[in-house]
Amino acid sequence: MATELTRNPAVHFEGVLRAFDGAVDLDRTDILQLSKDTSEETVLRILARFQETLEESRRQSQVGMENGEASKIWQACHKIAGSSELLGFKPFGKMSRRLSYALRENEDLAAFRNEIERFLEEASGLSEKIARSCPDLKAYL
């Protein structure tokens, strides 16, 4: 029989903070402020949804690259930029926003290949790191 996931926001939130301790990809001040403004459980709900959206955006961007559809990529980048920054993933959020704007202005994928590949790499790494930080994160969806 499968064990039911434990939903303990305080423990899970601390796990997320520990996983990103000292990392430059998370501004602890932002995520702690969000927790104070809402609750640890609310932050975990936002984080769970963000991680799902991050994976969807990564897949959408890969399809866009394969099919030469810049609009799919800039839409995916735009979709996650704000929530990245809200949660404190500022470098990733800023990179996503810049790439979104750039591709809307110029849909030449070859001109942005390196930036798109970096976005895909960082999205994958961030998604994996979030998933490892809280194995029970899906319980907050």
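1. Asp30 touches Glu85, Leu86, Gly88 and Lys90, with residues up to four places away in sequence left out; contact here means heavy atoms within 4.5 Å. Asp30 belongs to helix α2, residues 28-37. Helices are DSSP runs (H or I, at least four residues), numbered from the N terminus. With Lys90, Asp30 makes a side-chain to side-chain polar contact of 3.1 Å. A polar contact is a pair of N or O atoms within 3.5 Å; within protein, one must be able to donate a hydrogen and the other to accept it, and residues adjacent in sequence count only if both atoms are side-chain atoms.

2. The model is predicted: local features need pLDDT of at least 70, side-chain atom pairs count only at pLDDT 80 or more, and totals for chains, interfaces and linings use all residues. Residues are numbered from 1 along each chain as its sequence is written, and side-chain values use heavy atoms, with hydrogens and water left out.

3. Rings of Phe, Tyr and Trp (its six-membered ring) pair if their centres lie within 6.5 Å; planes under 30 degrees apart count as stacked, over 60 as edge-to-face and the rest as tilted. By this rule the model has 3 aromatic pairs. Phe50 and Phe89 are stacked, because their ring centres are 5.7 Å apart and their planes lie at 10°. This pair links distant parts of the chain, 39 residues apart: Phe50 is in helix α3 (residues 40-67) and Phe89 in the loop between α4 (70-87) and α5 (90-105). Phe50 and Phe89 are both buried, that is, under 20% relative accessible area, where exposed means over 50% and partly exposed in between (1.4 Å probe, protein chains only). Phe20, Phe50 and Phe89 form one aromatic cluster.

4. Which elements does the pair of Phe92 and Phe119 link? Phe92 lies in helix α5 and Phe119 in helix α6 (residues 113-133), 27 residues apart. With ring centres 5.6 Å apart and planes at 15°, the pair is stacked. Phe92 and Phe119 are buried.

5. In α1 (residues 9-19), Pro9, Ala10, His12, Phe13 and Val16 meet Glu40, Glu41, Val43, Leu44 and Leu47 of α3.

6. His78, in helix α4, counts as partly exposed at 43% relative accessibility. Beyond its neighbours within four places in sequence, His78 is in contact with Ser100 and Arg104. The C-alpha atoms of His78 and Gly93, 15 residues apart along the chain, are separated by 9.0 Å.

Definitions and conventions: Helix = DSSP H or I, 4+ residues; strand = E, 2+ residues; numbered from the N terminus.
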